[in-house]
Amino acid sequence: MKEACETLLLHGGAKRDIAKAGRLLAAGEVVAVPTETVYGLAANALDEQAVLRIFEAKGRPQDNPLIVHVSALEQIDPLVTEFPAVARALARRFWPGPMTLVMKKSPRIPDRTSAGLDTVGIRMPAHPVARAIIDAAGVPLAAPSANISGKPSPTTAADVMDDMAGRVAAVVDGGPCAVGVESTVIDVTGGVPRILRPGAITEEMIAAAVGSAATDPAVNRGLAAGEKPKAPGMKYRHYAPKAPIVLFEGPPEATLRALTEQAGQPWDGVLCFEESLPAVRQLCSRRVYSLGYSWDHEAHSRRLFALLRQFDRTRAKRILAQCPRPFGAGAGTVNRLRKAAGFQSVDCRGGKTVIGVTGRSGSGKSVFSAILAEKGALVLDADAIYRELVTNDSEMLAAIGSRFPGVVRSGVLDRRALGALVFSDAQARLDLNAITHGRVGAVIQERIADSDAPLAVLDVPLLFESGIDRLCDVTLAVLVPREVSRKRILSRDDVTPEQAEARLAAQPDDEYYRKHCDLLLQNLGSRADLEGQTRMFFEKYCK
Ligand code: TXA
Ligand code: MG
């Protein structure tokens, strides 16, 4: 860092400002640009002097290579010696977007950009402002995240300014970043794509696109002493706010319990799920921030870095944090949190793995559950427990009877009459759920605690509405085309085609499950295929 310079604030929506950013970059200056993941600190990737300025502005160790950003596929061929078929397939599927592919570099990439490695990470961002700036500069742009080395990556122009004012020529404001954690870095120089840094493009998405994918073990445990990292970035302390983080890992209900046992010091800061706020606020009145609902991986990644930076503006001396579930779209956020916590965490898992499975009726949840039962899992069916309770549980019957007069007579529930009342009335359904869900959840908890099985499968059609998702280590939906589930319902249940149709219409669409669940299985109508997928799930997530 030489003498301080004046940093221009440019507007991503203004053509003139894009042109200005392009001119600065073409002239060898450093400009911070928005991308859909985080803000990047960009310079001409082919100009050693310009790249050196990035390292200076960031205070970045010179052995940590930069990602090179392009706006079109044709720009890649001159930068690599080989653009493997698997990389092309991933590029077609996920670019432009939050994915970086590590390939063998060509001599055109200066050693300073690749930090002396013989490979280079390449990314085609989706953010329209990033793309416009690459085009305006007319060169590929090397861009690490626009933070001072070691701090959380910036996801707003204001956060970039906090770190970079006086250090770079300009900052382009493109609004808050939609994804919020950095791109998935994938090494495609071997046969199987290997994730070196998890992000919004998940291992499951990569495997679905090209048949296989793996995650480098160092991603989840940090590096062993003396181990050589695959991505140099793995070895640096990262994303760290000033205060140390105490990270609680496990099902949301268990992490909340453990966190509230420790919280309450006047200097505490808390990062928790939206549904935990009331309980946490009873203990801590200040510096309590929400990552979003515990199922909402998109919100977690969008908010994480901004909130970690927010703690730096407070006097928090430690940060107690509820960790999201680490699967699917949760992998990226959890990796950043673990890194920020130095790979230390409080293990709140209950000694067994609890899997919540959901999906529309007729989706194949019971096939999934039956196979895991064969493998020794305790299977708990929420509908069956509900039916048990409405025959045996006098307290619950009394509550139902007082909200829905006439449906309980001499201690016996008229299920048809109750069904008719709640089917057409959303408020009535909510009221009934408020009475039954907590009770069903409590019974499930008791039975999990009483069982010796290492694995519990909770088959719950309303997994998230009931809050039973908060007992789970992992949540999964079985998705099925409507036609397949209609056939299954008709052949299995005693209903007319109209009733089957009405039942399906009342249930959520695939998008709902995609948003809420960690993992998905696709039931395409073949039982053998669904069984195969279930066995693969068991091997990968239950061992
Ligand atoms: O989303 C992103 O990727 C953002 C935006 C600005 O595009 N960029 C970003 O860059 O996060 P940076 O420099 O902060 O992180 C790059 C990561 C580091 O962990 C680095 O070690 C790894 O990618 N990396 C870069 N080139 C590599 C290579 N040739 N081989 C292995 N790892 C590489
Ligand atoms: Mg970075």
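1. Basis of the note. This is a predicted model, in which local features need pLDDT of at least 70 and side-chain atom pairs count only at pLDDT 80 or more, whereas totals for chains, interfaces and linings use all residues. Residues are numbered from 1 along each chain as its sequence is written, chains are lettered from A and ligands numbered from 1 in the order in which they are written, and side-chain values use heavy atoms, with hydrogens and water left out.

2. Domains. The domain assignment gives domain 1 (8-215), domain 2 (245-347) and domain 3 (353-541), with bounds that come from an automatic or database domain assignment. Between the C-alpha centres of domain 2 and domain 3 the distance is 29 Å. Across this pair, twelve residues of domain 2 are in contact with 14 residues of domain 3, contact being heavy atoms within 4.5 Å.

3. Second largest pocket. A pocket here is an open set of points on a 1 Å grid over the protein atoms alone, with protein on both sides within 12 Å along at least five of seven lines, and lining residues have an atom within 4 Å of a point. The volume is about 1,300 Å³, where a volume is the space filled by probe spheres set on the points, and points are joined across faces, edges and corners. Several elements each supply at least two lining residues, among them α3 (85-94), α7 (203-210), α11 (297-312) and β23 (519-522); α7 gives the most, with six residues. Helices (H or I, at least four residues) and strands (E, at least two) are DSSP runs, numbered from the N terminus. By class, the lining divides into 21 nonpolar, ten polar and eleven charged residues, where Ala, Val, Leu, Ile, Met, Phe, Trp, Tyr, Cys and Pro count as nonpolar, Asp, Glu, Lys and Arg as charged, and the others, Gly among them, as polar.

4. Largest pocket. The largest pocket has a volume of about 2,200 Å³, and of the 49 residues that line it, D383, R415, F423, R503 and Q507 are the closest to its centre. Helices that each supply at least two residues of the lining include α13 (365-374), α14 (382-392), α16 (415-423) and α19 (497-505), while α17 gives the most, with eight residues. The lining holds 21 nonpolar, 13 polar and 15 charged residues.

5. Cavity. One cavity of 30 Å³ or more is present in the structure, a cavity being a set of points where a 1.4 Å probe fits but cannot get out. The volume of the largest cavity is about 40 Å³, and its lining consists of V33, T35, H69, P125, A130, I134, L141 and A143. Six of these lining residues are nonpolar and two are polar, with no charged residues.

6. Aromatic pairs. The count comes to six aromatic pairs, under a rule by which rings of Phe, Tyr and Trp (its six-membered ring) pair if their centres lie within 6.5 Å, with planes under 30 degrees apart counted as stacked, over 60 as edge-to-face and the rest as tilted. One of the pairs, F327 with Y541, is edge-to-face, at 5.6 Å centre to centre and 80° between the planes. This pair links distant parts of the chain, since F327 is in the loop between β15 (318-322) and α12 (331-340) and Y541 is in helix α21 (residues 527-541), 214 residues apart. F327 is partly exposed, with a relative accessible area of 21%, whereas Y541 counts as buried at 16% relative accessibility; the classes are buried under 20%, exposed over 50% and partly exposed in between (1.4 Å probe, protein chains only). F537 and Y541 form a tilted pair, 5.2 Å centre to centre and 35° between the planes, and both lie in helix α21, four residues apart, about one turn of the helix. Together, F327, F368, F537 and Y541 form one aromatic cluster.

7. Backbone. W95 and P96 are joined by a cis peptide bond with omega of about -10°, and P96 lies in the loop between α3 and β5 (99-104). S410 has a positive phi of about 45° although it is not a glycine; S410 lies in the loop between β19 (408-409) and β20 (412-413) and is exposed, with a relative accessible area of 80%.
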